[in-house]
Amino acid sequence: MRLRPAFAERSSARRAPRYSGGMRRDDVHELSVRDYGASRGSHSHEHFQVLVGLDGVLELEVEGRGQRVGAGEGCLVAPGERHDFESRAGSRCLVLDTDHEAWLRCDATPACGEEVAALARWLALAWQRRGGMTHPGANLLLAAWRPSDATPARVRRAIDWAALANWLQARLHQPLAVGDLASRVHLSASQFGERCLEANGMSAMTWLRAQRLERARQLRAAGLTVAEAARRSGYRSASALTAAIRRQTH
């Protein structure tokens, strides 16, 4: 698999030949030095992306969380996490794109900041001079990021709430519960509830009810009767829908 730097990123060194050193051929382990500019970028990947600042400051927003990557500072972006990035004055980072599962046990920022910063500078220099060290460099960076005695911390996979809401809209006529939503995003009901409160400021059940009510309002606006709108959005009866609308109004 070949990865290209995202737009607004420029790789300042050629990529090295792939090195299999005990890894599967389809593993992703791409190390590079990239320049970032004032042009704002936004994307997500199916793999981890590890960034360590070399010069300047890179401003990130990862799933709505602000993140600053200055010289010597690091950031781990988990698979599926949407992130925006820009560097108004320009910046340079060591970037590792990897699907190594060990990064699941790493924090979003490195536990050993000074070690990571020193290693990043050395890897960047080695990369530019030799154009190599993809797998060895990736392993060294992983070892420096989290010391062996650190408490493992799992990077949480992002929940695409818009996609979940779209999936739900087509099934609201069914007797869905919070557990069904949790299963959809591969979480337990309690984990889903915590994530929903954190992301949406409401319990999972309240969020589910809000989706039902929004769907019912859309159907009523389209000209459907109260009874039909209630049936399609999962209310027990027309009176239950009317009561829900009244409660929200008041």
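This is a predicted model: local features need pLDDT of at least 70, side-chain atom pairs count only at pLDDT 80 or more; totals for chains, interfaces and linings use all residues.
At roughly what angle do the axes of helix H7 and helix H8 cross, and within what distance do they come?

1. **Helices H7 and H8.** The axes of H7 (residues 226-233) and H8 (residues 238-249) come within 8 Å and cross at roughly 85°. Because angles from 65 to 115 degrees count as roughly perpendicular, H7 is described as roughly perpendicular to H8. On the H7 side the contact is made by Val-226, Ala-227, Ala-229 and Ala-230, and on the H8 side by Ala-238, Leu-241 and Thr-242. Sorted by class, this contact has 6 nonpolar residues, 1 polar residue and no charged ones.

2. **Helices H3 and H6.** The axes of H3 (residues 161-169) and H6 (residues 204-221) come within 11 Å and cross at roughly 60°, which makes H3 oblique to H6. Their crossing is right-handed. H3 contributes Trp-161, Leu-164, Ala-165, Leu-168 and Gln-169 to the contact, while H6 contributes Trp-207, Leu-208, Gln-211, Arg-215 and Gln-218. By class, the contact of H3 with H6 has 6 nonpolar, 3 polar and 1 charged residues.

3. **The open sheet.** Turning to the strands, 4 of them form an open sheet in the order S3-S8-S5-S6, with antiparallel pairing. Strand S3 (41-43) and strand S6 (65-69) stand at the edges with a single partner strand each, so one side of each has no neighbour in the sheet. On average, and ignoring direction, neighbouring strands of this sheet are turned by 20° against each other. Within the sheet, S5 (residues 58-62) and S6 run antiparallel and are joined by 5 bridges; if you want a residue pair to locate, Glu-59 has Arg-68 in S6 as its bridge partner.

4. **Strand S9 and its partners.** Strand S9 (residues 91-98) has 7 of its 8 residues buried, so the rest of the structure largely encloses it. Strand S2 (residues 29-36) pairs with S9 in the antiparallel sense over 8 bridges, and Arg-34 has Cys-93 as its bridge partner in S9. Strand S4 (residues 48-56) also pairs with S9 in the antiparallel sense, over 8 bridges. There, the bridge partner of Phe-48 is Thr-98 in S9.

5. **A closer look at Leu-96.** Leu-96 is found in strand S9. Its relative accessible area is 0%, so Leu-96 is buried. Leaving aside neighbours within four places in sequence, Leu-96 is in contact with Glu-30, Leu-31, Phe-48, Gln-49, Val-50, Trp-103, Ala-138 and Leu-141. For a distance to check, the C-alpha atoms of Leu-96 and Leu-76 are separated by 9.5 Å, with the two residues 20 apart along the chain.

6. **The chain as a whole.** Stepping back, the chain has 8 helices and 9 strands. Of its 250 residues, 43% are buried. Among contacts between residues at least 6 apart in sequence, 70% join residues at least 24 apart.

Methods. Residues are numbered from 1 along each chain as its sequence is written. Side-chain values use heavy atoms; hydrogens and water are left out. Buried means under 20% relative accessible area, exposed over 50%, partly exposed in between (1.4 Å probe, protein chains only). Helices (H or I, at least four residues) and strands (E, at least two) are DSSP runs, numbered from the N terminus. Two strands pair if DSSP finds at least two bridges between them. Axes are lines fitted to C-alpha atoms, for helices over the stretch in contact, and angles run from 0 to 180 degrees between N-to-C directions. Angles under 35 degrees count as roughly parallel, over 145 as roughly antiparallel, 65 to 115 as roughly perpendicular and the rest as oblique. A crossing is left-handed if the near helix is turned anticlockwise from the far one by less than a right angle, and right-handed if clockwise. Contact means heavy atoms within 4.5 Å. Ala, Val, Leu, Ile, Met, Phe, Trp, Tyr, Cys and Pro count as nonpolar, Asp, Glu, Lys and Arg as charged, and the others, Gly among them, as polar.
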